[in-house]
Amino acid sequence: MVAKRSVDGSDSNSVSSAGRSSTGGPTHPVVSDFRPGLDAVPEDTDVVAAVFAQERKAKERELEGFRADTRRMLPGNAADLLEENQLNLFRDGNLWQAVWEGNIANVEKYAMQEYLGPDYLEAGQTVVAPGEKRLRGAHERGGEGETILHIAVLLKHKRLAEWIVTTFRSLVNETYLKHKYFGETALHIAVVNSAPEDISLVEFLVEKEAHINGPLVTGTEFLKDEDKGSIYYGQTILQFAASVKKEKIVRYLVEKGALLHDIDIYGNNVLHVMAYHGDINVELFHWLRARNQVEIKKELAEMKKHNPDLSLSFMKEYTNRRDITKARNKDNLTPFQVGVARGHVQIIDACKEILWEFGRVRQYRILLDDIDPIQPHSELNESQLAQTKRETGKSSSKYKRVSKSAIEIATEREDKAMLSQPLFKAVLKIKWALYGRRYFMREMMVTFMMVACLLVAISLQPFSDLNERRNYSVSDANRHPIVRGIFEVLVVLGTLVVVSGEFRELRVQGFRYFTGYGAAKNVIQWLFALLVWTIPILRWGVAAAVGSSNYLTVLNAENVVLGIGAITGCAFCLTYAVGFQKLGPLFLIFKRMILDDFLRWIVLYACLTIGFASALFLQMQQVPYIRPEIDSKTGIFEGKTETVDVILPVDWNQFAGALLWTTRFIFMQAFFDHFRSSRIPAFTEFIYIVYGVVVLLLLFNVLIAMLAETLKAVAKDAERTWRVQFAYLLMHLQRICRNRRCTV
């Protein structure tokens, strides 16, 4: 059971099931527009929100009812019957062949014949007057459930289409019945296939009572790209026309009553769909927006006439709800944000509202909240919102955000073109000046001080015994114990302070903390803190547990941890290069070389090295290492075996050692005389030479070429690449400021 709209567009309260009209065409539900009752206008903005939510649910139920009705139209093997019947008709070169050819005479001849094919409707649903003959033109369907009118309009046979509509009026609102093009009417096809300046066929169909506001086209071919669709033009007739930039048709449809705020199954209105495709007719975009504002004012004036006591809050809320530029789809995105998410830079010009122009100079304004709220974004999860409501007695919208800003969307997409637009650059610059620079410099100084304290503490460590490190009294091996202790305490306290703030952020973000903005920096920061905290655990906890007999082992473990901590700390400092426009691109080049080029190259190198190391391992068993003399005057290796030390074999007798020695070859640590002592000297020398050519000569030149190409590519686009990373940095600082309830 579905609600229907009358032909003139007014809402109808009658309810009926899907069926055929007396002329043979099925009656389909059409998505209706919504206007609050004029006799009882709600005063509370919460009521407005509830009413609009109810409207969207009603449209969804109506669409689902439309689908159910069509499923009832094709019971059992009706789809197979459609295809079989269509093939037979084409073999006969009959009605459908005539339609394809645009042969009006033959169409008139065959369309008026009695229809003897299968009935695609359930028993009892066919509405035909007693004794009335069913005509082929009105009842026959093609392989996709199309009518002859669909084919005539699709092939641009205008005169034929006009004859079909005049003869079979019921076909004007018939839709495709099968899943690929489900819901498409002749008017949907006409607005796309008509020439930009030719609206005669569209006008003709509308004059013949084609429904301007429905139905929605929900066939699989008309879904979005991510849903495996191929021709998403929206789903309303107005959206179809706007998607293909038929400005004249769009204006005509709007003048005839097409609803600007009508949405498809994705919640997209006409501006959403235009933004989705990106090649925007800016003038048409502005006209639709202005037309929407005019309609809103008329609706409010009509309401005011019936209810003079309308509150300003209600009028403001109603305006925001009806404004198609602020409307959000089911992904909570405005048209502007949809354009940004699709990477269409032109959406920026489309959303600008020009205030005045003077030659080449113009002043415009744009809704800033869509780009970014400038101030640090505030966000509470559901439990926090519920707690706020319990404490204050009302729900808080102060910290609740319905979607990401355009800058966040562009940053996640790493959209260089979008973030390099003057408008986005200006917003990023303002955010940096307001709070970004302050928190960045504060973070950087704390990090640098922590790492500096660790390095000073390492330089003051005694190395003779673990007791010296545990003892903070002056001795020959421990000359500055108090200073060392102060720096060690500062490092531990600094990491505790920093990580306490990060822990709050981790609790709010959850797993996104390690996958979102600044994930690499977060991992390095936590690793550095854990290494610093490991030092006192080893020195006081583990040492006390294992006893003094194992102090040397604990000392060595502590040295390893200190060394890794120093490397991690310095790497942590490097991440702050992103905050500087001159240093940032250089750091990005280095980072890309390590994480992209070098990692790919190391796979090739590892495979070859393991293979050659295996061959050398088999040949170099029991071969001693001959340490050559170094001439005291020239510093040259002499290689005189009669006067040098001969060291018993260790490395070559183990596979790991052989792998290590093979790796040392790239640092020129191999001596050719060693291979003469192998089991098969000629074969071993041949392997070494091949390894040198393949790895040392060819593979290393490949690495150099890769790094040079990366440097060249990144240097060309260094400023834009850095701007993406700079935006990431601002998002990171924004989160910190939000979670700590900072004020600017």
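Analyst: A contact here means heavy atoms within 4.5 Å. The model is predicted. Residues 24 or more positions apart account for 71% of the protein's contacts with a separation of 6 or more.

User: How many helices and strands does the secondary structure of the protein come to?

Analyst: The protein has 744 residues, of which 46% count as buried. Its accessible surface is about 37200 Å², and carbon and sulfur atoms hold 59% of that. The secondary structure comes to 30 helices and six strands.

User: What is the mean pLDDT of the protein?

Analyst: Of the residues, 75% reach a pLDDT of 70 or more. Residues 121-126 fall below 50, and this stretch has nine contacts beyond near neighbours in sequence. Residues 394-400 also stay under 50, with 12 contacts beyond four places in sequence. The mean for the protein is 78.

User: Which helices do the buried residues of H12 pack against?

Analyst: Helix H12 spans residues 270-277, and seven of its eight residues are buried. Among them are Val270, Leu271, Met274 and Tyr276. Their packing partners are helices H10 (237-243), H13 (282-306), H15 (335-341) and H16 (347-350).

User: How far apart in space are Cys737 and Gly436, C-alpha to C-alpha?

Analyst: Cys737 lies in helix H30, residues 718-739. Cys737 has a relative accessible area of 1% and is therefore buried. In sequence, Cys737 and Gly436 are 301 residues apart. In space, C-alpha to C-alpha, the separation is 9.1 Å.

User: Which helix gives the largest share of the nonpolar patch on the surface?

Analyst: The patch is formed by Leu574, Phe590, Ile594, Leu595, Phe598 and Leu599, with about 540 Å² of accessible area together. Ile594 is partly exposed because its relative accessible area is 35%, and Ile594 sits in the helix asked for. Five residues of the patch come from residues 583-619, which is helix H26.

User: Which residue in the turn between S3 and S4 has a positive phi?

Analyst: Strand S3 (residues 353-358) and strand S4 (residues 361-365) pair in the antiparallel sense over five bridges. Glu353 stands opposite Arg365 in S4. The two strands form a hairpin with two residues between them, and the turn residue with a phi of about 65° is Gly359.

User: What is the phi of Lys156?

Analyst: Most residues other than glycine have a negative phi. Lys156 is in the loop between helix H6 (148-154) and helix H7 (158-167). At 58% relative accessibility, Lys156 counts as exposed. Although not a glycine, Lys156 has a positive phi, of about 65°.

User: Where is Asn332?

Analyst: Asn332 is not a glycine, yet has a positive phi of about 60°. With 34% relative accessibility, Asn332 counts as partly exposed. Its place is in the loop between helix H14 (312-322) and H15.

Note on methods:
Residues numbered from 1 in each chain as written. Predicted model: local features only at pLDDT ≥ 70, side-chain atom pairs only at ≥ 80, totals over all residues. Heavy atoms only, no water. Patch = residues over 30% accessible without salt bridge, like charges linked within 9 Å, V, L, I, M, F, W, Y side chains within 5 Å. Areas by Shrake-Rupley, 256 points an atom, 1.4 Å probe, with all protein chains shown as cover. Salt bridge = Lys/Arg side-chain N within 4 Å of Asp/Glu carboxyl O. Helix = DSSP H or I, 4+ residues; strand = E, 2+ residues; numbered from the N terminus. Buried < 20%, exposed > 50% of the residue type's maximum accessible area, 1.4 Å probe, protein only. Pairing = 2+ DSSP bridges. pLDDT = per-residue confidence, 0-100.
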